[in-house]
Amino acid sequence: MAASASTSAAANPNYKSYQVFINHRGVDVKKTFARSLYLRLLDKGLTVFLDNEEMQQGYNISSQIDQAIRTASVHVAILSLHYAESDWCLNELLLMLKSNAPIIPVFYRVRPAHVRWMLGSYGEALQAHERKGRYDANTIATWRKALHQVASNSGFELETYNGEELVLELLDNVVKRLSEMVTKNPDLYVAEYPTGLDYKLKDFEDTVLLQQQQSQKARILGIVGLGGVGKTTLAKEFFNRKKSDYNRSCFLSDVRDYAANRSLTLLQSQLLKSLLGLDKQVNINSVDEGKGMLMESLKTSNALIILDDVDDVNQVKALLPVQTFDFESRSLILITSRDKGVLRSSKVENASIYRLSGLNEQHSLQLFCSHAFSQPYPLPEFKCLVDKFLDCCNGLPLSLKVFGALLYDKEISQWEDELESLQQILPSEIHKTFIISYRSLNEEEKDIFLDIACFFINQNRDQAISIWNESGWRGKRGFLNLQDKSLVEVDSWNSIHMHDQIRDLGRHLASSLLPRRLWSSGSNNVIDNLSHQSSEITVRGIRMVHGEYSDPGNDDVFGGIGTENSVLERILRSLQILHIEGSLLERILTKVKLPNLSWLHWEKCPHSSLPSWVPIKNLTVLRVSHSKLNTLWHSREEESEVNRNLLGCAGENIHVLSYGCNILLL
């Protein structure tokens, strides 16, 4: 293929995947045989790369060709009279061999022996490259080796045909062969816009794959991440690119769903069919029967096997009922899951588990805009709104895709309406994906998840664990399970983080569950509302800070509550978590008592020392921030009231006037 110098533009972030790549010398066959082959393959429904036909303007030529070669299932090398004169053709041939996909040679009016042994025009062309001195001896030797290797493959030769009609016969034979090869092991559909996928795949390979390539045993790898982060997409792309390296390959998708519907035998049958190269599914009557049938096939197969969306170790045992060391040494197994614990239980080593994160800012912008505008950048008048949606999506590909598609061809006013409603209602596709992870939790883990969503984002992990332990839960174990399921993260400062839309789901769920977890927003005053509730309602925590209650300047925010309010007193008796601001704390405590309070986060405390009316008896964590507080208490009498360890007190310039109180100042 002849090509001009590449443009300075960046590679297309939304490149296509191709089934067939046509490598050719333009001056010989571009307008004749190559174009005819291209059009016939298109008529067969195949995706085909032929330079001028598929090249996208404004993007780097070399990158587009490189991507097309790496993603193609089959390559065609049209070896014509002047082919070896082109360094483009020869370098493409090297990339084709490197990709490990099959290469079908078509000897177009040249003899295979001339190509194989560098005779005739091929020998002359390589000698000319040597004389020009543009390439060193090693490069030219590599070209010779590549030509010899490809010319030794079984292919098609035009020289044995006579007359134009037989050129058409050659085309028919090549198209038939390629169609059979592609449809026998077709590529999986990956994504409409595979933005950032190259970057993620390289990071995955560099992180967990390359370190195991020298291993003499079968490799078993894992990908873990939040629902919607792109685990399946990455696994599909990996499968498409690597399957030609193995004698057998099988991608088992939606393992969790099949297991939930008692259909694991269907997956066993599909795997057995792929391992044995059968045309029909094998009838399997039970999971145990399937295990027995898979045992020997797995041991002897050189296979690439992907189990996608696994949520229980028994699913892995049903599909891979042999020990890793019993596999043929070149086999590769990849398991994707939301739960790192499932991967560890499936004997995936920690170093072989790749945690997939969201997209970076550039790729997030490109993916969102591709769906919203059918181009990888925003329209100028929408730029500010695009930035706000990107903040909400926080790099999660599912959210970027769903919101981008939802906003396609919408007016600015509709964008503003969607942005406002985003905090209240998640689109059904996103909600469905997230709720799966929530339902996989046990009851303690659900409570911990709801606490984090409502109160503990950006809070210290160890302090939060102490509160859960006080509640009689296994705090550390529960938190680590949430972390394994990618529902929470911890930064280098030991602070807890959660994706904004996971947080919104948690808060939505918490608003209708007991015990209640409440916070003020808009015109909703939680204290006022609670005073009209049944005394059977229990409240675990309340958050009321500036901007989250209706009128932070109103000193009489609780004025509507009577001095004696037995209902409110009973409801708040169980309150354990309170995040509040300024004088609001005192106004609550003049109305009700909080005897079971264990976590108090008091922002903008207006006092220089801790007031005696603060219920410190059962406090486990006291956090005071942005306040005037400089002394906790003045006397040992006040100090002796503290019968628990205050594990955290985050304030400014705190000075403890007496000793022995066992307080850790952060």
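Me: Leaving aside its neighbours within four places in sequence, which residues is H129 in contact with?
Reply: Happy to start there, keeping in mind that this is a predicted model. Once the neighbours within four places in sequence are set aside, the contacts of H129 are A84, E85, S86, D87, L90, R134, I140 and W143.

Me: Which backbone oxygen does the side chain of H129 reach, and at what distance?
Reply: A84 is one of the residues in contact with H129. The H129 side chain comes to the backbone oxygen of A84, at a distance of 2.9 Å.

Me: Is H129 buried or exposed?
Reply: H129 sits in helix α6, which covers residues 120-132. Its relative accessible area is 8%. Buried means under 20%, so H129 counts as buried.

Me: How many disulfides does a search of the whole structure find?
Reply: A disulfide is a covalent bond between the sulfur atoms of two cysteines. To count here, two cysteine sulfur atoms must lie within 2.5 Å. For C393, the nearest cysteine sulfur belongs to C392 and is 6.6 Å away, and C393 is in no disulfide. Across the whole structure, the number found is 0.

Me: What is the relative accessible area of C393?
Reply: C393 is a buried residue. C89 is buried too, with a value of 0%. For C393, the relative accessible area is 0%.

How values were computed
Residues numbered from 1 in each chain as written. Predicted model: local features only at pLDDT ≥ 70, side-chain atom pairs only at ≥ 80, totals over all residues. Heavy atoms only, no water. Helix = DSSP H or I, 4+ residues; strand = E, 2+ residues; numbered from the N terminus. Buried < 20%, exposed > 50% of the residue type's maximum accessible area, 1.4 Å probe, protein only. Polar contact = N/O pair within 3.5 Å; in protein donor to acceptor, adjacent residues only side chain to side chain. Contact = heavy atoms within 4.5 Å.
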